[in-house]
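Take a moment with the sequence and the model below. The text then walks through selected places, one at a time.

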Amino acid sequence: MALSQQRQEKNKQNFFLENELTPQYAVANEVMQLFAPSNNLSIESKMGVQTDTLVDDFLSAINTNSDINFNDLVETFADSQVPINPTNFDSYLDYLANNVINHSIHTSSPRFIGHMTSALPCFVRPIAKLMTAMNQNVVKIETAKAFSPYERQALAMMHRLIYNFPNEFYSEHIQNSQSTLGILVSGGTAANIIALWCARNKSLGAKNSFAGVEKEGLAAALDYYGYQGAVVIGSELMHYSFDKAADLLGIGTHSLIKIPTNANNQVDLPALRQAVADCHAKNLHIIAIAGVAGTTDSGNIDSLLDIAEIAQAANVHFHVDAAWGGPLIFSEQHRQKLVGIECADSVTIDGHKQLYLPMGIGMVFMREPYLASSIEKNASYTMRKGSFDLGKRALEGSRAGMALFLHAGLHLIGLKGYEFLIDAGIEKTQYMAAQITTMSEFELLSQPDINLLLYRYIPESLRELAVKKQLTETDNQQINIFNERLQKTQRQAGRTFISRTTKTITYLEKETSVTALRAVIANPLTTKDDIDAVLNDQIQIALDLSISDSLEPTQSRA
Ligand SMILES: *Cc1c(COP(=O)(O)O)cnc(C)c1O
């Protein structure tokens, strides 16, 4: 019997669909073909060959995106009806290529240097296939046997780089189900939320007749402990995930105290000390003090050792958001910029940023292996008390085996490999800063700490004043408008990409907020020639935009 005939026989038995001519039979047959593993290798490999071609084309693009107008693009996604019958894979792939892939951002382009997303090492693509094929659910060992200790091992390796405790510590805790050295989550946002959640539950825990904030809620906890309120303190440049955390933890975003920063974008230490004293005076409970290791805007690193001292003196949880800058721990040359991180009670690091892993890998590490028991939850059908299930101390439930990428990255790139990537990014950023300094068209807005760079374009008529630092508020406003137009035009043209933010600077002894062009030099494929090409593209675009144009009222920020 021919294979297809066998399959049809089997489907018939499976579905008790007597009449092969019914439309239901045709659908069932088609759908079952998508599931049957043994019969399907040829179909699947054909699908694989087709998608591989699309991937190759996508990854080899130099331009950063297509120049389709965004509103026109949105129009192509206006239909809300689910197709009645299964769609043929070829025609679906055609649809994808024309409508989605064609107008996606080439984040791996060496000239896409404006965001924290860049090229990935080639091994992640076959590893992704493996992960999807195995479909482990790391929430519990009943659905992820080897993956649970495997993930713990990868997290322990990262923990060791941060805290460097002795061998005995790691032997004791690496696979002890009572201990949590780190939690793998979807990103830095979830990592920050978990860190503050642990800090809240630990600091307002059960005592005597009080069952703890976890069970009785925030109002009862503040009442029991006699506080007027609860706060989290950090730099005004904290990532907005802290606002989400403050909201979710029940303290409200107004209780996220944002301390001003100095000219180098670092939290102002005297102001931080004052805020702590003020909270004590007002009888406000400080859940945590957060330091930033690599601000999202400009990459600057807070003075972590000083913040650690302040937190320790106040007996408050110290969290470090190293989502971006954490991987500097791999670099002998640059890791001293993170000094003090080893004092943190918790640390956030994103794998999908400077560990060059795919989107969806955040990590939070705990200095104290039992801290995460403050958020533990159990369920009777799974995640029983004392079990090895990773889901019992987590924010998320079902979770993919993303540890595969982390573990693979740590092995296939290794300590020295990551060191090379970090060092190279910082070196290229210094090159770009030096280029900008020599070009009269641009003004560097601050010296880079690591691999983020803020600068702006100065229209010709204002260059002399800019060099003499004599720009007025009105001049700066003109320059802001021009830079916004420049960045939007560059993005639309799609040859190169730089992002945009605002930065407070001092001009004529007055603080003023200016529009800044923001470069992120993390893509290993970016060369010094690419950096020159991006700057030259901006100069060309600026020439095309006359200053009189730039004075017209502009649309709101897109
Ligand atoms: C990116 C980033 C985050 C948020 O991480 P996601 O992975 O986007 O959720 C938090 N903090 C800092 C400093 C970041 O750079």
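Is Glu427 buried, exposed or partly exposed? Glu427 is partly exposed, because its relative accessible area is 42%, and that value falls between the 20% and 50% limits. Keep in mind that this is a predicted model.

Start with the partner of Glu427. Glu427 forms a salt bridge with Lys528, and their closest N and O atoms are 3.0 Å apart. Glu427 belongs to helix α16 and Lys528 to helix α19 (residues 528-544), so the pair ties together parts that are 101 residues apart in sequence. Lys528 is also partly exposed, with a relative accessible area of 33%. Side chains of opposite charge can pair when their charged atoms come close.

The structure holds 16 salt bridges. One of them joins the side chains of Lys416 and Glu332, at 3.6 Å from N to O. This pair links distant parts of the chain, 84 residues apart. Lys416 sits in helix α16 (residues 414-438). Glu332 sits in the loop between β5 (317-321) and β6 (346-350). Both Lys416 and Glu332 are exposed. The pair also takes part in a network of salt bridges, which links Glu332, Lys416 and Glu419.

Now turn to another pair. The side chains of Arg393 and Glu376 meet in a salt bridge, with 2.9 Å from N to O. Arg393 and Glu376 are 17 residues apart. Both lie in the loop between β7 (362-366) and α15 (403-412). Are Arg393 and Glu376 buried or exposed? Both are buried.

Next comes the ligand. How many residues surround the ligand? There are 15, and the closest are Thr189, Asp321, Asp350, His352 and Lys353. By class, this shell has three nonpolar, nine polar and three charged residues. Helix α9 (residues 188-203) gives the most to the shell, with three residues.

Several polar side chains reach oxygen atoms of the ligand. A polar side-chain atom of Asp350 lies 2.7 Å from a ligand oxygen. For Lys353, a polar side-chain atom lies 2.8 Å from an oxygen atom of the ligand. Thr296 has a side-chain N or O atom 3.2 Å from a ligand oxygen. Taken alone, the ligand exposes 380 Å². The protein buries 87% of that area.

Thr296 leads on to Arg518. The backbone oxygen of Thr296 lies 2.6 Å from a polar atom of the Arg518 side chain. The backbone oxygen of Asp297 lies 3.2 Å from a polar atom of that Arg518 side chain. Where is Arg518? Arg518 lies in strand β11 (residues 510-520). Arg518 counts as buried because its relative accessible area is 6%, and the limit for buried is under 20%. Arg518 and Phe89 are 429 residues apart in sequence. In space, the C-alpha atoms of Arg518 and Phe89 are 41 Å apart.

Compare this with His106. His106 and Asn65 are 41 residues apart in sequence, and 5.9 Å apart in space from C-alpha to C-alpha. His106 lies in the loop between α5 (89-100) and α6 (124-134). The relative accessibility of His106 is 8%, so His106 counts as buried.

Asn164 has a phi near 50 degrees, a positive value in a residue other than glycine. Asn164 lies in the loop between α7 (147-163) and α8 (167-173). Asn164 is exposed, because its relative accessible area is 58%. Asn265 has a positive phi of about 65 degrees, although Asn265 is not a glycine. Asn265 is found in the loop between β3 (256-259) and α13 (269-281). Why does Asn265 count as buried? Asn265 counts as buried because its relative accessibility is 7%.

Which residues make the nonpolar surface patch of about 320 Å²? The patch is made by Val31, Leu34 and Phe35. Leu34 has its place in helix α2 (residues 23-35). Leu34 counts as exposed because its relative accessibility is 56%.

Technical notes:
Residues numbered from 1 in each chain as written. Predicted model: local features only at pLDDT ≥ 70, side-chain atom pairs only at ≥ 80, totals over all residues. Heavy atoms only, no water. Near = heavy atom within 4 Å. Polar contact = N/O pair within 3.5 Å; in protein donor to acceptor, adjacent residues only side chain to side chain. Areas by Shrake-Rupley, 256 points an atom, 1.4 Å probe, with all protein chains shown as cover. Helix = DSSP H or I, 4+ residues; strand = E, 2+ residues; numbered from the N terminus. Nonpolar A, V, L, I, M, F, W, Y, C, P; charged D, E, K, R; others polar. Patch = residues over 30% accessible without salt bridge, like charges linked within 9 Å, V, L, I, M, F, W, Y side chains within 5 Å. Salt bridge = Lys/Arg side-chain N within 4 Å of Asp/Glu carboxyl O. Buried < 20%, exposed > 50% of the residue type's maximum accessible area, 1.4 Å probe, protein only.
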